[in-house]
Amino acid sequence: MPIESCCLIDLPKISDPRGNLTFIEGGRHVEFDVRRVYYLYDVPGGAVRGGHGHKQLHQLIIALSGSFDVVLDDGTAKTRFHLNQPNRGLYICPMIWRELDTFSSGSVCLVLASEVYDESDYYRDYDRFQLAADAERLRMTRQK
Ligand code: TYD
């Protein structure tokens, strides 16, 4: 899918003197049903995570604490997003290569995913991902 299908999503923030509260509801803030949640933490300075694409998976990535960058690549275009707010998520559609870098010390990356973990859904080789993305783009163009 084109990179334009990925977007930042503002999440509700309920502030009161006891602190802030943010919630995420399936079907409202994310269109997919959430079947898995995982998080990255204790990421050493300079580490790069991700470095793969997914065939079917939808995800929402949130910087729960601290900050990091997410570089998205649909096989032709690349966009870098800086995530640093716990009430803002980055929606990533299927067929997008992603890399996460520039993690600040103590940052926590929360990921909501539409499916349970399935290694067969991954592209871990960029050239194979790009071939599949090209084929998908051609198929979509022919459908129009
Ligand atoms: P990986 O997806 O490569 O992490 P990243 O997105 O940071 O590149 O996963 C790292 C390892 O963790 C790999 O061996 C698969 C395993 N893993 C699970 O078992 N379950 C999960 O939900 C995830 C995301 C990864």
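Predicted model: local features only at pLDDT ≥ 70, side-chain atom pairs only at ≥ 80, totals over all residues.
Two residues are said to be in contact when heavy atoms of theirs lie within 4.5 Å.

**Helix α1**

Please select residues 126-143, which form helix α1. Next, select Asp125, which caps the N-terminal end of α1. A side-chain oxygen of Asp125 lies 3.3 Å from the backbone nitrogen of Asp127.

**The two sides of α1**

Which residues of α1 are buried? They include Phe129, Ala132 and Ala133. Viewed down the helix axis, the buried residues fall within an arc of 100°, so they line one face of α1. Now display β7 (68-73), β10 (97-101) and β12 (122-123), which are among the elements that cover these buried residues. Then turn to the other side of α1, where Asp127, Leu131, Thr141 and Arg142 are exposed.

**The ligand**

Select the ligand, and then the residues that surround it: Arg36, Tyr38, Arg49, Gly50, His52, Tyr117, Tyr122 and Arg124. Strands β4 (36-40) and β5 (49-54) each supply at least two residues of this shell; the largest share, 3 residues, comes from β5.

A ligand oxygen is 3.0 Å from a polar backbone atom of Gly50. A ligand oxygen is also 2.7 Å from an N or O atom in the side chain of Tyr122, and a ligand oxygen is 2.9 Å from an N or O atom in the side chain of Arg124. The protein covers 61% of the 530 Å² of accessible area that the ligand has on its own.

Note on methods. Residues numbered from 1 in each chain as written. Heavy atoms only, no water. Helix = DSSP H or I, 4+ residues; strand = E, 2+ residues; numbered from the N terminus. Expected span 1.5 Å × (residues − 1). Buried < 20%, exposed > 50% of the residue type's maximum accessible area, 1.4 Å probe, protein only. Arc of directions from axis to C-beta. Polar contact = N/O pair within 3.5 Å; in protein donor to acceptor, adjacent residues only side chain to side chain. Near = heavy atom within 4 Å. Areas by Shrake-Rupley, 256 points an atom, 1.4 Å probe, with all protein chains shown as cover.
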